[in-house]
Amino acid sequence: MAKFSHIVVGVFFLGIGLAGAIGSRALTFWAKGLPGPGFFPMTLSCVVIFCSIAILLPSLRTAGDLNINVPAIKKMAIFLAALTLFSVFLSHIIGFLVALTIFYIMTLRLWKNIPLGRAILNGLVCSTTLYVIFILWLGVDMPIGYFHDFLTQ
């Protein structure tokens, strides 16, 4: 039986992936033999689109026997939208990785009811992995926030 929440989440992230792909078309994808400023957004958008399709396809195959709970769907949509906007706006103040860690911890804790200690550990592992891959290894610039200048003075 398909969960309607899988369809909602799949469509939500499909929209985010498509918006990112369309928005990153104006940036240079590859320049002087190296990835340009559009490489990371386009690659990430394609990954999000692929993952959302992977969520949607099995759910749509069994969509005939959906059990739709409208208040739960509204709550989930408001939660995802508010948390996404919060993280996007917060990333310019405290930095992208810190905002992503907070987003991940809050999602695990509030939506999936995972214990706080485990959610914090998962958030820190996720952020550390992203830091090592994208900042140390690939050298991708991410928003570091206003507090970085305050802390390094």
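## Basis of the values

The structure is a predicted model, in which local features need pLDDT of at least 70 and side-chain atom pairs count only at pLDDT 80 or more, whereas totals for chains, interfaces and linings use all residues. Residues are numbered from 1 along each chain as its sequence is written, and side-chain values use heavy atoms, with hydrogens and water left out.

## Overall fold

The protein chain contains six helices and two strands. Helices (H or I, at least four residues) and strands (E, at least two) are DSSP runs, numbered from the N terminus. Along the sequence their order is α-β-β-α-α-α-α-α. The chain has 153 residues, of which 25% count as buried. Buried stands for under 20% relative accessible area, exposed for over 50%, and partly exposed for values in between (1.4 Å probe, protein chains only).

The protein chain exposes about 10,400 Å², and carbon and sulfur atoms supply 74% of that area. Accessible areas come from the Shrake-Rupley method with a 1.4 Å probe; for residues, only the protein chains shown count as cover. Among the contacts (heavy atoms within 4.5 Å) with a separation of 6 or more, 61% join residues 24 or more positions apart.

## The pair α4 and α5

Two packed helices are described by the angle between their axes and the distance between the axes. For helix α4 (residues 96–111) and α5, the axes come within 8 Å and cross at roughly 145°. Axes here are lines fitted to C-alpha atoms, for helices over the stretch in contact, and angles run from 0 to 180 degrees between N-to-C directions. The crossing of α4 and α5 is right-handed. A crossing is given this name if the near helix is turned clockwise from the far one by less than a right angle, and is left-handed if anticlockwise.

Thr101 belongs to helix α4 and is buried, with a relative accessible area of 11%. Leaving aside neighbours within four places in sequence, Thr101 is in contact with Gly123, Leu124 and Ser127. Ala119 is located in helix α5 and counts as buried because its relative accessibility is 0%. With neighbours within four places in sequence left aside, Ala119 contacts Ile105, Leu108, Arg109 and Ile114.

Ile144 lies in the loop between α5 (116–137) and α6 (147–152). Apart from neighbours within four places in sequence, Ile144 is in contact with Ile94 and Gly95. Ile93 is found in helix α3 and is partly exposed, at a relative accessible area of 36%.

Phe96, in helix α4, is also described as partly exposed, with a relative accessible area of 28%. Neighbours within four places aside, Phe96 contacts Ser91, Met142 and Pro143.

| Residue pair | Separation along the chain | C-alpha to C-alpha distance |
|---|---|---|
| Ile93 and Gly145 | 52 residues | 4.4 Å |
| Phe96 and Pro143 | 47 residues | 5.4 Å |
| Ile93 and Ile144 | 51 residues | 7.8 Å |
| Ala119 and Thr101 | 18 residues | 9.6 Å |

## A surface patch and a buried serine

Leu85, Val88 and Phe89 form a nonpolar patch on the surface, with about 320 Å² of accessible area together. Patches are made of residues with over 30% relative accessible area and no salt bridge; like charges are joined within 9 Å and nonpolar side chains (Val, Leu, Ile, Met, Phe, Trp, Tyr) within 5 Å. A salt bridge is a side-chain nitrogen of Lys or Arg within 4 Å of a carboxyl oxygen of Asp or Glu. Phe89 is part of helix α3 (residues 70–94) and is exposed, with a relative accessible area of 59%.

Ser45, by contrast, is buried at 8% relative accessibility. Its place is in helix α2 (residues 39–61). Not counting residues up to four places away in sequence, Ser45 touches Gly17, Gly20 and Ala21.
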